[in-house]
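Let's walk through this one together, starting with charge pairs and then moving out to the chains and the surface they share. Have a look at the model first.

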Amino acid sequence: MMPDDDLFFIRIEDPAEFRKSLLVSVRDLIHSLQKYEDFRRVRTAKVEQIIELRRVTKEVGVLLNRLKQDLPMVAPAKREVQKHRSRKAKLQAAKGKVAAPQDGKKAKAVGEVKELEAQLKEIEGKLKMLS
Amino acid sequence: MADKPMFIKVSEYEDIQDMVNLIRSKIEESRKILATIDQLKKQEETEIAAWRAEIEEVDRKVGYINKTLFESGQQ
């Protein structure tokens, strides 16, 4: 066993302030951990709102597709054949487009993006023909 | 072709009008959700700023502890 004579101590000038700093550090750190909970709550609420926004946006898409089908078709002469499609065929086409986002829930995100890109391409084509 | 007038049946016209109103209400809903997201984003940034300040304060205190322990030890 080491004799007491060999022990060295380091003097702390202001022990009260030292202890206070240590305690305040621990207290602040606990506050910091509590902040994590607050932050997580806000972030969860934000994610929920984003999901809700996605749902509403999809609804708008479905409604716009329905509207597109309900309005008389205005197509350039080149697309005369499309103009004479039966009402039944038009409805089936609309259903297909409307159903796509719902199927997308099961499908991977990549598939959904490709689907949207295809729809965009189709719309761009139609816009080009109209202008 | 596109310059020619377009005619819609009166019965269908009302349905279309309802649908347009529904679309506009959905867009309004989207606008409100976006405002909420924006608000939550700001709140999130405030939380992060407060968090950062707290960590800085802890660092300051630990710096003092470090200084007290090691600088007094070197004297």
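How many salt bridges does the rule count over all chains? The count comes to 18, where a salt bridge is a side-chain nitrogen of Lys or Arg within 4 Å of a carboxyl oxygen of Asp or Glu. Before going on, some housekeeping: this is a predicted model, so local features need pLDDT of at least 70 and side-chain atom pairs count only at pLDDT 80 or more, while totals for chains, interfaces and linings use all residues. Residues are numbered from 1 along each chain as its sequence is written, chains are lettered from A and ligands numbered from 1 in the order in which they are written, and side-chain values use heavy atoms, with hydrogens and water left out.

Now for the chains themselves. Chain A has four helices and zero strands, and its elements run α-α-α-α from the N terminus on. Chain B comes to one helix and, again, zero strands. Helices here are DSSP runs of H or I with at least four residues, strands are runs of E with at least two, and both are numbered from the N terminus.

How much of each chain is tucked away? In chain A, 21% of the 131 residues count as buried, and in chain B buried residues make up 21% of 75. Buried means under 20% relative accessible area, exposed means over 50%, and partly exposed is in between (1.4 Å probe, protein chains only).

Next, the place where the chains meet. The size of an interface is often given as the accessible area lost when the parts come together. Between chain B and chain A the buried area is about 3800 Å², of which carbon and sulfur atoms give 74%; buried area is the accessible area (1.4 Å probe) that two parts lose on being put together, summed over both. On the contact count, 40 residues of chain B touch 45 residues of chain A, contact meaning heavy atoms within 4.5 Å.

Five salt bridges cross this interface by the rule. The side of chain B that touches chain A divides into 24 nonpolar, seven polar and nine charged residues. In that sorting, Ala, Val, Leu, Ile, Met, Phe, Trp, Tyr, Cys and Pro count as nonpolar, Asp, Glu, Lys and Arg as charged, and the others, Gly among them, as polar.

Ile33(B) lies in helix 1 of chain B and, at 6% relative accessibility, counts as buried. Leaving out residues up to four places away in sequence, Ile33(B) touches Gln49(A), Glu52(A), Leu53(A) and Val56(A). Thr68(B) lies in helix 1 (residues 10–74) of chain B and is buried too, at 12%. Setting aside neighbours within four places in sequence, Thr68(B) is in contact with Ile12(A) and Phe18(A).

Back to the charges. Side chains of opposite charge can pair when their charged atoms come close. Glu54(B) does this with Lys35(A), in a salt bridge whose closest N and O atoms are 3.8 Å apart. Within chain A, Glu59(A) and Arg55(A) form a salt bridge at 2.4 Å. Because they are four residues apart in helix 1 (residues 15–70) of chain A, about one helical turn separates them. Glu59(A) is partly exposed at 24%, as is Arg55(A) at 37%.

Arg55(A) also meets Glu29(B) in a salt bridge (3.8 Å, N to O). Here the pair joins two chains, because Arg55(A) lies in helix 1 of chain A and Glu29(B) in helix 1 of chain B. Glu29(B) is partly exposed, at 28%.

Lys61(B) is buried at 13%, whereas Glu57(B) is partly exposed at 26%. Elsewhere, salt bridges that share partners join Glu52(A), Arg55(A), Glu59(A), Lys26(B) and Glu29(B) into one network.
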